[in-house]
Amino acid sequence: MVSQGRSSKRDLRKNNTTVPCRLCSMGYSTSLSSMLLPLLLPALLLLSFLSSRVTAMPEPVSTLKMERIHRHLEKINKPAVKSIQSPDGDMIDCVLRNKQPALDHPLLKDHKIQRRPSQMPSFKGERKQQNYTSNMGRRAWQAWHHVGPCPKGTVPIRRSSVQDVLRAKSLFHYGKKQVNTVPLAARSVEKPDVVSGNGHEHAIAYTGSRQEVYGAKATINVWDPSVESENEFSLSQVWILSGSFDGSDLNSIEAGWQVSPELYGDSRPRLFTYWTSDAYQATGCYNLLCEGFIQTDRQIAIGAAISPVSAYNGDQYDITILIWKDPTLGNWWLSFGDNRLVGYWPAELFTHLSNHATMVEWGGEVVNMQPNGAHTSTQMGSGHFAGDNFRKASYFRNLEIVDADNSLTAVQDIAILAENTNCYNIQSYKSSAWGTYFYYGGPGHNSLCP
């Protein structure tokens, strides 16, 4: 239309053609182009703006899909005795303990909630005092605590929203890990490159796969790594594993902190849990987004943000994760911080883990979707390599395992592994204060990690 206007302008100039108008009757004359151009240009700009707005708008959600989402949310968002608006934006619902989502699991139909484990694991030997300065190693907490706790007899559950579900690949995938995310050491120590192909990259320490393990513990400092794409994540966790690592019956219990924009809609580090009894195919989920994990504590909200976080070359904040099998009832308990009992995974959920674990892993994991055709710049840990050490790199310290007599022992022998040390790496050490520990992490994309 613009080129046609230019052509008309040349023709009008050539023929000296004028167009009658209201101004003409007042003694003025104008060319056709001088009238049309002021009208056409705003119209073209408006059309261009509207076109860009249309392409940027999300696809409409069908009525049927929205109905399914609402039904699912009604199932997992149980009626609240009290709701707490967290300063960081989360809505925390205080749900009656015996009405929480876990008890909807068909295997838990007749399950009686275990209020406390029969006994806590005790440490063999003597731990030396952590010689921190006044600001080092302070425990990270959760922002919603500033508003107030949940009432007695209830448990705090982060409320899921329609937008949370819509960010997932599908309703089925909401709250679940991708298939083929079997941990690195478990899949193939000899050929770690087979793991890189599915987009998951690790920097981990792990135990052997032929011993009987009944739990594991570690203290992890918390960071807020940058995640490049919404469908990527960065996490630091403990894995408790048993079953066939090359089949479909792998059992896994996991806990730590993660940054996942797709799951939570932001980039805050959050306390999370996960479980599966079939190698991530159909069973299990994050946090309390499906039936399974039974919460007993009223002050820790799984899936809620952790604050404050560690600062580069500044104050460090860490969390302590302990997972162990109750020697009497066989449930797998989760302890957070200074032995605060959060809840447990019932023994009924598992096959191999109903007996014991055969491997423990500690470390970091990211998803690399290769945005823009290059390695992701999603950071692991602090985003700095292991060699940067304390206050700069992320760490796991005081690695311990639980043995058959429910005793915690310091890990003596671990192996370390990372697929691509130019992107993320790991270095292990020992000391009297930190026991067996390691630094790990990295920036992802850089000149040596294209």
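This report walks through some strands, a sheet and several salt bridges in a predicted model.

## A hairpin and its next neighbour

Let's start with strand S1, which covers residues 82-85, and strand S2, which covers residues 91-96. The two run antiparallel and are paired over four bridges. If you want a spot to look at, find Gln85, which sits opposite Met91 in S2. Five residues lie between the strands of this hairpin, and Gly89 has a positive phi there, near 105°.

S2 also pairs with strand S6, residues 154-158. That pairing is antiparallel too, with five bridges. Here Cys94 is the residue facing Pro156 in S6.

## The six-stranded sheet

Further along there is an open sheet of six strands, and its order reads S11-S10-S9-S17-S7-S20. The pairing is antiparallel. At the edges you'll find strand S11 (270-276) and strand S20 (415-418); each has a single partner strand, so one side of each has no neighbour in the sheet. From one strand to the next, the twist averages 20°.

Inside that order, S7 (residues 200-206) and S17 (residues 359-367) make an antiparallel pair over seven bridges.

Now for a single residue. Lys78 sits in the loop between H3 and S1. Is Lys78 buried or exposed? With a relative accessibility of 16%, Lys78 counts as buried, because the cut-off for buried is under 20% relative accessible area.

The side chain of Lys78 has a polar atom 3.0 Å from the backbone oxygen of Lys75. Setting aside neighbours within four places in sequence, Lys78 is in contact with Val95, Lys99, Gln100, Pro101 and Asp104.

Asp104 itself is partly exposed, with a relative accessible area of 36%.

In general, side chains of opposite charge can pair when their charged atoms come close.

One of these salt bridges joins Asp164 and Arg167, whose closest N and O atoms are 2.4 Å apart. Both residues are buried. They are three residues apart in helix H4 (residues 162-167), which puts about one helical turn between them.

Another salt bridge links Lys177 with Glu254, with the closest N and O atoms 2.5 Å apart. Lys177 is in the loop between H4 and helix H5 (184-187), and Glu254 is in strand S10 (residues 251-259), so the pair ties together parts that are 77 residues apart in sequence. Lys177 is buried, with a relative accessible area of 6%, and Glu254 counts as buried as well, at 0% relative accessibility.

Some salt bridges share partners, and these join Asp90, Arg158, Asp164, Arg167, Asp266, Arg268 and Arg270 into one network.

How values were computed. Residues are numbered from 1 along each chain as its sequence is written. This is a predicted model: local features need pLDDT of at least 70, side-chain atom pairs count only at pLDDT 80 or more; totals for chains, interfaces and linings use all residues. Side-chain values use heavy atoms; hydrogens and water are left out. Two strands pair if DSSP finds at least two bridges between them. Buried means under 20% relative accessible area, exposed over 50%, partly exposed in between (1.4 Å probe, protein chains only). A salt bridge is a side-chain nitrogen of Lys or Arg within 4 Å of a carboxyl oxygen of Asp or Glu. Axes are lines fitted to C-alpha atoms, for helices over the stretch in contact, and angles run from 0 to 180 degrees between N-to-C directions. A polar contact is a pair of N or O atoms within 3.5 Å; within protein, one must be able to donate a hydrogen and the other to accept it, and residues adjacent in sequence count only if both atoms are side-chain atoms. Contact means heavy atoms within 4.5 Å.
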